[in-house]
2 protein chains.
Amino acid sequence: MTALTAPIRNGVNTDTLFATLDLLEAQPELGRFQFRASNRWIDGAHNRSTIQGLYAAGGEDTSRAEAFELDAGEPAILLGTDTGPNPAEFLLHALAACLTTSIVYVAAARKVRLTSVESTLTGDMDVRGALGVDEEPRNGFEQIRIAFKVTGDAPAEKLREVVERAKARSAVYDMVTNGVPVAVEVAAG
Amino acid sequence: MTALTAPIRNGVNTDTLFATLDLLEAQPELGRFQFRASNRWIDGAHNRSTIQGLYAAGGEDTSRAEAFELDAGEPAILLGTDTGPNPAEFLLHALAACLTTSIVYVAAARKVRLTSVESTLTGDMDVRGALGVDEEPRNGFEQIRIAFKVTGDAPAEKLREVVERAKARSAVYDMVTNGVPVAVEVAAG
């Protein structure tokens, strides 16, 4: 029966997914990855990141023929010219994207066929903190709210379990909720 | 003398910058902003965020005529088809962009003309956590390293002070290092 099951579910090749998990269980050292970005200031609030190489599964991953480029900016009210989403909005996108992919992968592994995953995110910020007007408000969001709408061929209860498992496994959800040590080096002059 | 000083420094209109800070000091309630993103799953690791509206300075900001769209993906080794940077890479970009803009704004306020701001970021992750292979590694980055290279018309010591002040004020640096409460709601079925 297994051989007759189509291995693609939710756009994920589940044969490859389970083979990857088996391999990482057998050779834990292959789990060490490194992701990278390089960024360059252009003018005012406009800067651009270039993303291409990564270290993955014991070697340099050169599978990306071209780099991704991401432009950041600020709206006029925050002194920019809208050259791209602002950095806090990019963080919301990172969070939405990671939870969504986690939902899709968990569902694929649990034999749930999804038909839609949509989310809206809001982050509340008192910008007096980041602008240095007042010491009291924190610089970042006070809180982030995410509303997911998920449909698929499983009961609502099972879909909710998939979202819960995705929350428990998402890399960016972990980082945004728990924080990460960041080391900053500066070469100046 | 002040009237003869060109108000644009580092691409930032410093007259507007200082007027904004004065206004927020006089009317603290105008500091309440809300940033937003909505995301939709497309297929596999491919999903897309749409970013346009925000709440700013006491009202809805409708200054963006068009929405920004951001596509996320995963490389083949993480079961995707490279439809965009992956979510963890977007988080690195958010961090780089926010620190860079903070450096540029702080420098503008302190009368430092920058000639370049470049950064490279790396994040180390044991993907066994996020893939659910092992309970021990955390899901997200164990650590993030950022190397900045900053040049401008000020002594190295002053440029370093600008970077330090930017770290102390960056919204995304705050969120990534300290974490943010995230509330997730799910409508399933």
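**Entry 1**

I started with Ala88(A), which counts as buried at 4% relative accessibility; buried means under 20% relative accessible area, exposed over 50% and partly exposed in between, with a 1.4 Å probe and protein chains only. Before going on, I noted that this is a predicted model, where local features need pLDDT of at least 70, side-chain atom pairs count only at pLDDT 80 or more, and totals for chains, interfaces and linings use all residues. I also noted that residues are numbered from 1 along each chain as its sequence is written, that chains are lettered from A and ligands numbered from 1 in the order written, and that side-chain values use heavy atoms, with hydrogens and water left out.

Where does Ala88(A) sit? I found Ala88(A) in helix H2 of chain A. Helices here are DSSP runs of H or I with at least four residues, strands are E runs of at least two, and both are numbered from the N terminus.

Which residues touch Ala88(A), leaving aside its neighbours within four places in sequence? With contact taken as heavy atoms within 4.5 Å, I listed Met125(A) and Phe141(A) from chain A, and Phe35(B), Val172(B) and Met175(B) from chain B. Met125(A) is 37 residues from Ala88(A) along the chain, and their C-alpha atoms are separated by 9.5 Å.

**Entry 1: The two chains together**

Next I looked at the contact between the chains, which takes 127 residues from chain B and 128 residues from chain A. The two chains bury about 11,300 Å² between them, 60% of it on carbon and sulfur atoms; buried area is the accessible area (1.4 Å probe) that two parts lose on being put together, summed over both. In chain B, the residues that lose the most area to chain A are Phe35(B), Trp41(B) and Arg169(B), together 8% of what that side buries.

The same surface serves both copies, as 100% of the contact residues of chain B recur in chain A.

**Entry 2: Chain A as a whole**

I counted four helices and 10 strands in chain A. From the N terminus on, the order is β-β-α-β-β-β-β-β-α-β-β-α-α-β. The C-alpha trace spans about 65 × 40 × 30 Å along its principal axes. Of the 189 residues of chain A, 54% count as buried.

Most residues other than glycine have a negative phi. I therefore stopped at Leu79(A), where phi is near 75° and the residue is buried, with a relative accessible area of 13%. Leu79(A) lies in the loop between strand S7 (68-72) and helix H2 (87-109) of chain A.

Is Ala57(B) buried or partly exposed? Ala57(B) is partly exposed at 33% relative accessible area, and its phi is near 50°. I placed Ala57(B) in the loop between strand S5 (54-56) and strand S6 (59-61) of chain B.
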